[in-house]
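Please look at the sequence and the three-dimensional structure shown below, and keep both in view while reading this report. It moves from the whole chain to single pairs of side chains.

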Amino acid sequence: GPPRMKYVVYLIITSAKNKTTSYVGYTNNIDKRLKLHNSGKGAKFTKGKKWKLIYSQNYKSKIKAMQEEYKLKKNYKLRKIIKSKYLLNA
């Protein structure tokens with residue numbers, strides 16, 4: 001049959017003037033999406049910045065991915081934890 005679609009919820013960060021900004025999204029093609037963000041063609045918010053992928057999680061259904069993306073978008077505490085873990089190991 002056709003390849004199983006997988007949906008990825010991701011968190012990317014960019015650093016400018018000592019401030020780290022994060023962006024949460026979901027996609028079914030993380031490589032293509034990252035290229036988009038980094039080519040300045042992505043969402044308005046992500047335009048013209050260099051982004052690093054620091055978290056991604058796969059889901060089998062689009063609905064689930066959308067729910068999880070929404071949760072992560074709203075959960076600043078968790079986003080902070082993911083960011084500081086990454087920065088510690090960077």
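## Surface and overall form

The protein exposes about 6,600 Å², and carbon and sulfur atoms supply 57% of that area. The model is a predicted one, and what follows describes this model. Buried residues make up 32% of the 90 residues in the protein. Along its principal axes, the C-alpha trace spans about 50 × 30 × 25 Å. A compact globule with 90 residues would have a radius of gyration near 12 Å, and the 13 Å of the protein agrees with this.

The protein has three helices and three strands, and from the N terminus on these elements run in the order β-β-α-β-α-α. Among the contacts between residues at least 6 apart in sequence, 55% join residues at least 24 apart.

Helix H3, which covers residues 76–89, has 14 residues and reaches 20 Å from its first C-alpha to its last, close to the 20 Å expected at 1.5 Å a residue. Which residues of H3 are buried? They are Arg-79, Ile-82 and Lys-83. These residues lie on the same side of H3, because they cover an arc of only 95 degrees around the axis. What covers the buried residues of H3 includes strand S1 (7–16), strand S2 (19–27), strand S3 (52–59) and helix H2. On the other side of H3, Lys-77, Lys-80, Lys-85, Leu-88 and Asn-89 are exposed.

Side chains of opposite charge can pair when their charged atoms come close.

| Lys residue | Glu residue | N to O distance |
|---|---|---|
| Lys-64 | Glu-68 | 2.9 Å |
| Lys-71 | Glu-68 | 3.0 Å |
| Lys-73 | Glu-69 | 2.8 Å |

How are the partners placed along the chain? Glu-68 and Lys-64 both lie in helix H2, which covers residues 62–74, and they are four residues apart, about one turn of the helix. Lys-71 and Glu-68 also lie in helix H2, but three residues apart, which is again about one turn. Lys-73 and Glu-69 are separated by about one helical turn, because they are four residues apart in helix H2. An α-helix has 3.6 residues a turn, so residues three or four places apart point the same way.

Glu-68 takes part in a salt bridge with Lys-64 and in another with Lys-71, and in this way Lys-64, Glu-68 and Lys-71 are linked in a network of salt bridges.

Lys-64, at 36% relative accessibility, counts as partly exposed. In the pair formed by Lys-73 and Glu-69, Glu-69 is buried with a relative accessible area of 13%, whereas Lys-73 is partly exposed with 30%.

Conventions
Residues numbered from 1 in each chain as written. Predicted model: local features only at pLDDT ≥ 70, side-chain atom pairs only at ≥ 80, totals over all residues. Heavy atoms only, no water. Salt bridge = Lys/Arg side-chain N within 4 Å of Asp/Glu carboxyl O. Helix = DSSP H or I, 4+ residues; strand = E, 2+ residues; numbered from the N terminus. Buried < 20%, exposed > 50% of the residue type's maximum accessible area, 1.4 Å probe, protein only. Expected span 1.5 Å × (residues − 1). Arc of directions from axis to C-beta. Contact = heavy atoms within 4.5 Å. Rg over C-alpha atoms; globule rule 2.2 N^0.38 Å. Areas by Shrake-Rupley, 256 points an atom, 1.4 Å probe, with all protein chains shown as cover.
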